[in-house]
Amino acid sequence: MRKPLIAGNWKMHKMLAEARTLVTGVLDKLDESADVDVLMCPPVQLLFPMAKAVANTKIMLGAQNVHEEASGAYTGEVSVAMLKDTGCSHVLVGHSERRHVFGETGDRLAKKVRAVVQGGLTAVYCIGETLEDREAGRTTAVIDQQIDEVLASDVSADQLIVAYEPVWAIGTGKTASPEQAQEVHAHIRARLASVYDAATAEKLRILYGGSVKPGNATSLMAQPDIDGALVGGACLVAEDFTAIISAALTAV
Ligand code: PGA
């Protein structure tokens, strides 16, 4: 049985005071004993104060990006060890905005995933097709390529989570239907079985992302291969994020 994970990707939102209000609002409604993992990925300037804000709670802290090198002359970048030092346990790698806005390639993402895992953190590796890919019938080919160019047996499955986020559903209000999402999730799990083995793929958590809201979270997470959500817009509002966390519990 895979424990659900609800992850919030704050993207480039929230000032310190707003962030404190959001975390307090989520903690107020969070059942610490609930059988769900919760991850928050604030922007980098908030990692240290948010680490303090979530200390001794079930909320885990993640970063939205990382540089693959350990240290050096990389102006503006942050290493895995630095993120670990601020209290991060997870790092998003390959989010569609990193791929499409910042031009990160499979080659680069393969290095990042390895840096994260070798540095002792968990990588949340994001994959997903564009609308053009889907309409051209290339969804599974794109997914397979994104998996094959980055994941291999040297990436510890114990420190890996996969997030399927169709690019056309991110921030658009369009969500994949539960059936569409389940179909791709099942494909991803089968592909992960060929990278690792069937038993390992069964244990790996695959999150769905792309316009997840309180109103659609339960039906998405009720699907057998959807093990939680990577939430953008709705994670910025405490009531919405906590409603999605509750949905993960009722969907089981
Ligand atoms: P969204 O973002 O929920 O606002 O669509 C999801 C994401 O980009 O991770």
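I will begin with helix 2, residues 47-54, where Leu 47, Pro 49, Met 50, Ala 51 and Val 54 are buried, buried meaning under 20% relative accessible area with a 1.4 Å probe and protein chains only, and exposed meaning over 50%. This is a predicted model, in which local features need pLDDT of at least 70 and side-chain atom pairs count only at pLDDT 80 or more, while totals for chains, interfaces and linings use all residues. Residues are numbered from 1 along each chain as its sequence is written, and side-chain values use heavy atoms, with hydrogens and water left out. Helices are DSSP runs of H or I with at least four residues, and strands are runs of E with at least two, numbered from the N terminus.

The buried residues of helix 2 pack against helix 1 (16-29), strand 3 (59-63) and helix 3 (80-86), with contact meaning heavy atoms within 4.5 Å. Just after helix 2, Asn 56 takes a positive phi of about 65 degrees.

Turning to helix 8, residues 178-195, its buried residues include Ala 181, His 185, Ile 188 and Leu 192. The face turned away from the buried side of helix 8 carries exposed Glu 179, Glu 183 and Ser 194.

Finally, the axes of helix 10 (residues 214-221) and helix 11 (residues 238-250) come within 8 Å and cross at roughly 25 degrees, the axes being lines fitted to C-alpha atoms over the stretch in contact, with angles from 0 to 180 degrees between N-to-C directions. Helix 10 and helix 11 are therefore roughly parallel to each other, a term for angles under 35 degrees. Among the residues that meet there are Ala 217 in helix 10 and Ile 244 in helix 11.

Notes
Parallel < 35°, antiparallel > 145°, perpendicular 65-115°, else oblique.
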